[in-house]
Amino acid sequence: MKQTGDLNLVKKINKSIVLHYIRNYSPISRARIAEQTGLTKATVSSLVNELLESSLANEIGTGESSGGRKPMMLLFNRTAGYALGIDLGVNYIRAVLTDLEGTIVEQYKVQHDNTVLELALVELKACIREMIRRVPQSVYGIVGIGIGIPGISNGQGDVLFAPNLGWTDVPLQRIIEEEFGIAVVIDNEANAGAVGEKEFGAGRDAADLVYISVGIGIGAGIIIKGELFRGSSGFSGEIGHMSIQHDGKPCRCGNAGCWEMYASENALYEAARHVLNTPSIDMETLLSLAEKGESSVIKLFERVGHFLGVGVVNIINGFNPELIIIGGRLAEAGQWLRPTMLQSLEGRSLPYPRERLQIEFSQLGSRSAVLGACSFAISKFFASTKVSVE
Ligand SMILES: [Zn+2]
């Protein structure tokens, strides 16, 4: 490798280190960054000047001095650009715009059946166009688009398999990047939800956590030692397809007795259609009936809570996490799911892994996945050479 190449690389690494300190510890002085990083004051000063020029940092007032001239403090410029996060569900598209620290500035949601690929893409592009129209004036505009999908994707942003959407081999990242010319990250919605909770929600202080997304299907995002665990080829977390009944209901995945056949939104609807004797039912209706004290509907939720617990036991015993967060659409029914779910856990899980476990319904509600998608987009932006070197 040429020497210039090496120097560029060193500079790029140093610059992202300085930026990391400004992003995470601002307001912070140049001297403090030098002290913390071990870089020389001259190096820090020159890199900070470049960050000021690229508008990623600002200078504000003066800080406390430890003797001598009071230092100018540096602040991360969180509104230098915006991230667009999208949660592409089976029957909705949810989007948020956040600043570079994940603060939501715009939201958008549309009910839409996404099982027909062509129609889903039309609606998805319309949603992105709408959010581009709404983005506040800034230096970088939209720095990236993160999209959470209910299925598995590879590192190239292709949706390999999304059983509940009925999609296989869709080059979603390429399609969206070609249309809008903005960097796109595709990931599983449960992974996005786990990262959303870790960065902005209930998981901020937890190193080992499992986020369980309970919607039309069930998926999990697993965080181990603060990092998303993707498995050897990126397909971890398909826990909706663990068998809880060896000879149970056949599932679309080819297995039988899968957890999501009993504890998902779909399972709830199937039981509700039967009990309420109606061909179509939705979550809003069921929630409002439960709210009114309709005992047959409350019983339906309680039964799903029981099955939820049966599956969660396997996660507790298998992973011994410090925190489990239940998110996704069904988390909205937490108050009716919780008692029977906890009963299942009490009766079934091993006492030692349960002892220090905390289990919560998501504080971010249905925003965990979109916020996680924003976080993916922001990380990609800061990891890109364009920002770090030029
Ligand atoms: Zn299955």
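Q: In this predicted model, how much area do domain 1 and domain 2 bury between them, and what share of it is on carbon and sulfur atoms?
A: Domain 1 and domain 2 bury about 990 Å² between them. Of this area, 64% is on carbon and sulfur atoms.

Q: Which helix gives the most to the side of domain 1 that touches domain 2?
A: Helix α1, residues 3–25, gives the most to that side, with six residues.

Q: What makes up the side of domain 1 that touches domain 2, by nonpolar, polar and charged residues?
A: Three residues there are nonpolar, three are polar and five are charged.

Q: How many residue pairs are in polar contact between domain 1 and domain 2?
A: The count is one residue pair, with both residues at pLDDT 80 or more.

Q: What are the bounds of the three domains?
A: Domain 1 covers 3–76, domain 2 covers 82–193 + 369–389, and domain 3 covers 202–363. The C-alpha centres of domain 1 and domain 2 lie 31 Å apart.

Q: Why is histidine 246 called exposed?
A: Histidine 246 has a relative accessible area of 71%. Exposed means over 50%, so histidine 246 is exposed.

Q: Where is histidine 246 found, and how far is its C-alpha from that of glycine 257?
A: Histidine 246 is in the loop between β14 (227–229) and α7 (260–263). Histidine 246 and glycine 257 are eleven residues apart in sequence and 5.7 Å apart in space, C-alpha to C-alpha.

Technical notes. Residues are numbered from 1 along each chain as its sequence is written. This is a predicted model: local features need pLDDT of at least 70, side-chain atom pairs count only at pLDDT 80 or more; totals for chains, interfaces and linings use all residues. Side-chain values use heavy atoms; hydrogens and water are left out. Domain bounds come from an automatic or database domain assignment. Buried area is the accessible area (1.4 Å probe) that two parts lose on being put together, summed over both. A polar contact is a pair of N or O atoms within 3.5 Å; within protein, one must be able to donate a hydrogen and the other to accept it, and residues adjacent in sequence count only if both atoms are side-chain atoms. Helices (H or I, at least four residues) and strands (E, at least two) are DSSP runs, numbered from the N terminus. Ala, Val, Leu, Ile, Met, Phe, Trp, Tyr, Cys and Pro count as nonpolar, Asp, Glu, Lys and Arg as charged, and the others, Gly among them, as polar. Buried means under 20% relative accessible area, exposed over 50%, partly exposed in between (1.4 Å probe, protein chains only).
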